[in-house]
Amino acid sequence: VMFSENGVGSHGPIREYSENKHWLNIPGEVHGAPISPLLLTHGSLMIVAWIGLTSIGIVFAGYFKPMWPGRQLMGKDLWFFWHACCMSLTAVLTLIGFIVIFIDVGSWHTTVHSVLGCVVFTLAILQAIGGMMR
């Protein structure tokens, strides 16, 4: 956290406060500082990958095994085919999101989010490689 002369701090290059002063007792709209489109892209890709596709892939693996007995697509059980598609797309979107955020930020910033993001990225790629070797 960086502190200025008046003691107000920020958590890095992302400004989450308004650019102008506003009185709290006067109604009106307050707009925050602009957010980079690449940052929004990173967040959107990660939400789609980790909340959407991963959840659907887990449901296919956990609940659809008994629903399609003997049905196959491309030599794999149907449930596994869709599970693998969801998890592969998760890995691809994670890779794209990982690249996009480094393009946006431009350098490494050691934060809990960035360290955990690198760990999750590494595990996602390793899981995708392991799934292909199955």
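Visitor: What share of the contacts in the chain with a separation of 6 or more comes from residues 24 or more positions apart?
Guide: In this predicted model, such residues account for 53% of those contacts. A contact here requires heavy atoms within 4.5 Å.

Visitor: What is the order of the elements from the N terminus on?
Guide: The order is β-β-α-β-β-α-α, with 3 helices and 4 strands in the chain.

Visitor: What makes the reach of helix α1 close to the expected one?
Guide: Helix α1, residues 37-63, has 27 residues.

Visitor: Which residues of α1 are called buried, and what do they pack against?
Guide: Buried means under 20% relative accessible area. In α1 the buried residues are His42, Leu45, Met46, Ala49, Leu53, Thr54, Gly57 and Phe60, and they pack against α2 and α3. Across the 134 residues of the chain, 22% are buried.

Visitor: How do α2 and α3 pack, and which residues meet?
Guide: Helix α2 (residues 78-105) and helix α3 (residues 112-133) pack at an angle of about 145°, their axes 9 Å apart, and the crossing is left-handed. Ala91, Thr94, Leu95 and Phe98 in α2 meet Cys118, Phe121, Ala124, Ile125 and Ala128 in α3. By class, this contact has 8 nonpolar, 1 polar and no charged residues.

Key
Residues are numbered from 1 along each chain as its sequence is written. This is a predicted model: local features need pLDDT of at least 70, side-chain atom pairs count only at pLDDT 80 or more; totals for chains, interfaces and linings use all residues. Side-chain values use heavy atoms; hydrogens and water are left out. Axes are lines fitted to C-alpha atoms, for helices over the stretch in contact, and angles run from 0 to 180 degrees between N-to-C directions. Helices (H or I, at least four residues) and strands (E, at least two) are DSSP runs, numbered from the N terminus. A crossing is left-handed if the near helix is turned anticlockwise from the far one by less than a right angle, and right-handed if clockwise. Ala, Val, Leu, Ile, Met, Phe, Trp, Tyr, Cys and Pro count as nonpolar, Asp, Glu, Lys and Arg as charged, and the others, Gly among them, as polar. The expected span of a helix is 1.5 Å times one less than its number of residues. Buried means under 20% relative accessible area, exposed over 50%, partly exposed in between (1.4 Å probe, protein chains only).
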